[in-house]
Amino acid sequence: MDANLIYAKTPIGDEAVRQSTRVVQRNLRMVLVQVDGKMSVEELSNKIGNPRLVHAALRELEEGGVHRSRSRGCIGLGRNEEGCSGGR
């Protein structure tokens, strides 16, 4: 995984944070809550303190619906979303 990649939540990701039942796995939710559209994968890994957990969670959240460009991605759940919240 590219350590410089930056993720932002999609509208579905924002909704998942608001609805605690949408993402029930603790590790996924912990990473999703920290995704802000500003921190890189490396910064998220350092903040959470477990790079393996962060990488695995980001991959799993991507499978749930991501719109990704070269330098950033949007994390959501379900179908792909065009809009992202957070950002530079």
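The following legends describe close-up views of a predicted model.

**Figure 1. Overview of the chain and its secondary structure elements.** The predicted chain contains 4 helices and 3 strands. Read from the N terminus, these elements follow the order β-α-α-α-α-β-β. Of the 88 residues in the chain, 40% are buried. Among contacts between residues at least 6 apart in sequence, 60% link residues that are at least 24 apart.

**Figure 2. Packing of helices H1 and H2.** Two packed helices are described by the angle between their axes and the distance between the axes. Helix H1 spans residues 11-18 and packs against H2 at an angle of about 120 degrees, the two axes lying 10 Å apart. The helices H1 and H2 are therefore oblique to each other, and their crossing is left-handed. H1 contributes Gly 13, Ala 16 and Val 17 to the contact, while H2 contributes Arg 29, Leu 32 and Val 33.

Figure 3. Between Leu 28 and Arg 59 the C-alpha to C-alpha distance is 9.9 Å, although the two residues are separated by 31 residues in sequence.

Figure 4. Helix H3 comprises residues 41-48, and its residues Val 41, Leu 44 and Ser 45 are buried. Viewed down the axis of H3, these buried residues fall within an arc of 100 degrees, so they line one face of the helix. In an α-helix there are 3.6 residues a turn, so residues three or four places apart point the same way. Asn 46 and Lys 47, on the other side of H3, are exposed. The cover over the buried residues of H3 includes strand E1 (6-9), helix H2 (26-34) and helix H4 (51-63). Just after H3, Gly 49 adopts a positive phi of about 85 degrees.

**Figure 5. Glu 62 and its polar contact with Tyr 7.** Glu 62 belongs to helix H4. The relative accessibility of Glu 62 is 19%; since the cut-off for a buried residue is under 20%, Glu 62 counts as buried. The side chain of Glu 62 is joined to that of Tyr 7 by a polar contact of 3.1 Å.

Terms used. Residues numbered from 1 in each chain as written. Predicted model: local features only at pLDDT ≥ 70, side-chain atom pairs only at ≥ 80, totals over all residues. Heavy atoms only, no water. Buried < 20%, exposed > 50% of the residue type's maximum accessible area, 1.4 Å probe, protein only. Helix = DSSP H or I, 4+ residues; strand = E, 2+ residues; numbered from the N terminus. Arc of directions from axis to C-beta. Contact = heavy atoms within 4.5 Å. Polar contact = N/O pair within 3.5 Å; in protein donor to acceptor, adjacent residues only side chain to side chain. Axes fitted to C-alpha atoms, helices over the stretch in contact; angles between N-to-C directions. Parallel < 35°, antiparallel > 145°, perpendicular 65-115°, else oblique. Left-handed = near helix turned anticlockwise from the far one by under 90°.
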